[in-house]
Amino acid sequence: QLDERKMTMKRIILMLGLILALGATGAMAQTANTQEAVTKEQRRMLKQERKAIQAQIDSMLAAEAWQAIADTSFTLEADQVAFKDGSIAYVNSNTNFVSVNHDNAVVQVAFNVPFPTPNGIGGVTLLGKVQNMRVTTDKKGSVNIRMNVVGIGISAQVFINMFAGTNRASVDIIPNFNSRRLTLRGILMPSKKSSVYQGWGI
């Protein structure tokens, strides 16, 4: 009987041990699941906060850009050139820009080419007077600027579109010596905040 009792006790202890082990495993799994749920919720909230902050920043930059347009003292620094097939190439925003300072304007493009160019930095720099400038806003809130930049040797039609709620913008440039439309994309800002490098003008 004594041996039988010992065996029974051993079985009870073993069963208790298994129950405790299973309980601990379940508790750990539940804790891990809870932590994972909390982490997912935190990530979701953090993503929403980031989007809200970015929207506020974009709104402030858009208001600043709009004021610069109203003051006719703005610069569009372009970091992309878009081609007809939809592809894009990245360019230097310090040397690809459209700048307006009241009645004067500069339209400059500069690409990394292995041959001499009129402005000395890979492209053309048009120095001219602003004529027939017109600013409109569409139903979506995008700002559209249309103007002619007339230089001594060449001139160009310039069409700028600043997207609603941001200072991101695109510009279409059509020179008078050919009908090839060049599209650049970048950000529009007050000229006093710009840090562009200007080549030799024509």
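Two strands pair if DSSP finds at least two bridges between them. Helices (H or I, at least four residues) and strands (E, at least two) are DSSP runs, numbered from the N terminus. The model treated here is predicted: local features need pLDDT of at least 70, side-chain atom pairs count only at pLDDT 80 or more, and totals for chains, interfaces and linings use all residues. Residues are numbered from 1 along each chain as its sequence is written, and side-chain values use heavy atoms, with hydrogens and water left out.

**Exercise 1.** Describe how strand E5 pairs with E4 and with E6.

*Solution.* Begin with E4 (residues 104-110), which is antiparallel to E5 (residues 123-137) over seven bridges. In this pairing, Val109 stands opposite Val124 of E5. Next, E5 pairs with E6 (residues 143-150), again in the antiparallel sense and over seven bridges. Here Val135 faces Ile145 in E6.

**Exercise 2.** What percentage of the residues of the protein count as buried, and what is its accessible surface?

*Solution.* Buried means under 20% relative accessible area (1.4 Å probe, protein chains only). By this criterion, 31% of the 202 residues are buried. The accessible surface (Shrake-Rupley method, 1.4 Å probe) comes to about 13,500 Å², of which 58% belongs to carbon and sulfur atoms.

Terms used
Buried < 20%, exposed > 50% of the residue type's maximum accessible area, 1.4 Å probe, protein only.
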